Amino acid sequence: MNKALGLLAFAILLGFSSCDKEKIAPSDTGHINLSFNATFEGETLIINSQPYDYAGKLIRFSKISFYLANLRLLNQDQEIGVSDIEFIDLTGTHHSETSAKNGTVIELSNIPIGDYTHLKFGIGVPSNMNETNPIDYPTNHPLGNDFDYYEAWDS
């Protein structure tokens, strides 16, 4: 009986040791979420809400969108380019106080894991990209649609 238990224990141990376990390599990339929240004089800005007083003039916001270009992360040793251009549209997320406080979030993927200290970027479309047409890009690219392309300006 002891031999049978010993063989059974050995067979179970052999069975566990022969299982192929999928080896998961540690990821060398990650993602970064950037959140954008619009405020006006320290208050959460709501699209198409009551007019805001600016130097005695009443203004109302109906659309807020912009491009960020040449996004780069910096650490002590290097500068990593993470995106050529991103379109940020706050119009869809700033219709109520709650959604405006949550903001517009974009995710930048495939970022090399690192200890970054700064994010650098430009605002607007760089001149070399501004001279292109929406047809030059796939439809899922920030410049691949014509909602902000002004044909009369070729821009």
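Predicted model: local features only at pLDDT ≥ 70, side-chain atom pairs only at ≥ 80, totals over all residues.
Student: How confident is the predictor in the chain, and where is the pLDDT below 50?

Tutor: The chain averages a pLDDT of 81, and 80% of the residues score at least 70. Residues 1-24 are below 50. Beyond near neighbours in sequence, that stretch has 0 contacts in the model.

Student: What elements make up the chain?

Tutor: There are 3 helices and 9 strands. From the N terminus on, the order is α-β-β-β-β-β-β-β-α-β-β-α. Of the 155 residues, 28% count as buried.

Student: What makes E6 and E7 a strand pair?

Tutor: Pairing needs at least two bridges. Strand E6 (residues 65-74) and strand E7 (residues 79-89) are joined by 9 bridges, so they pair. They run antiparallel. Phe66 stands opposite Ile88 in E7. The two strands form a hairpin, with 4 residues between them.

Student: How do you know that E6 also pairs with E9?

Tutor: The cut-off is again at least two bridges. E6 and E9 are joined by 5, so this is a pair too. These strands run antiparallel. Leu73 stands opposite Leu119 in E9.

Student: Why is the contact of Glu79 and Arg72 called a salt bridge?

Tutor: The rule asks for a side-chain nitrogen of Lys or Arg within 4 Å of a carboxyl oxygen of Asp or Glu. Here the N to O distance is 2.7 Å, so the pair qualifies. Glu79 has 42% relative accessibility, and Arg72 has 22%. Buried means under 20% and exposed over 50%, so both residues are partly exposed.

Student: What makes Lys120 and Glu79 a salt bridge as well?

Tutor: Their N to O distance is given as 4.0 Å, and the pair is counted as a salt bridge. Lys120 is in strand E9 and Glu79 in strand E7, 41 residues apart, so the pair links distant parts of the chain. At 36% relative accessibility, Lys120 is partly exposed. Arg72, Glu79 and Lys120 are linked in a network of salt bridges.

Student: How many salt bridges are there by this rule?

Tutor: The count comes to 3. One of them joins Glu97 and Lys101, with the closest N and O atoms 3.3 Å apart. Both residues lie in helix H2 (residues 97-102). They are 4 residues apart, about one turn of the helix.

Student: Why is Lys101 called exposed, but Glu97 partly exposed?

Tutor: Exposed means over 50% relative accessible area. Lys101 has 53%, so it counts as exposed. Glu97 has 44%, so it counts as partly exposed.

Student: How do you know whether Asn48 and Asn110 are exposed or partly exposed?

Tutor: The cut-off for exposed is over 50%. Asn110 has 62% relative accessibility, so it is exposed. Asn48 has 44%, so it is partly exposed.

Key:
Residues numbered from 1 in each chain as written. Heavy atoms only, no water. pLDDT = per-residue confidence, 0-100. Contact = heavy atoms within 4.5 Å. Buried < 20%, exposed > 50% of the residue type's maximum accessible area, 1.4 Å probe, protein only.
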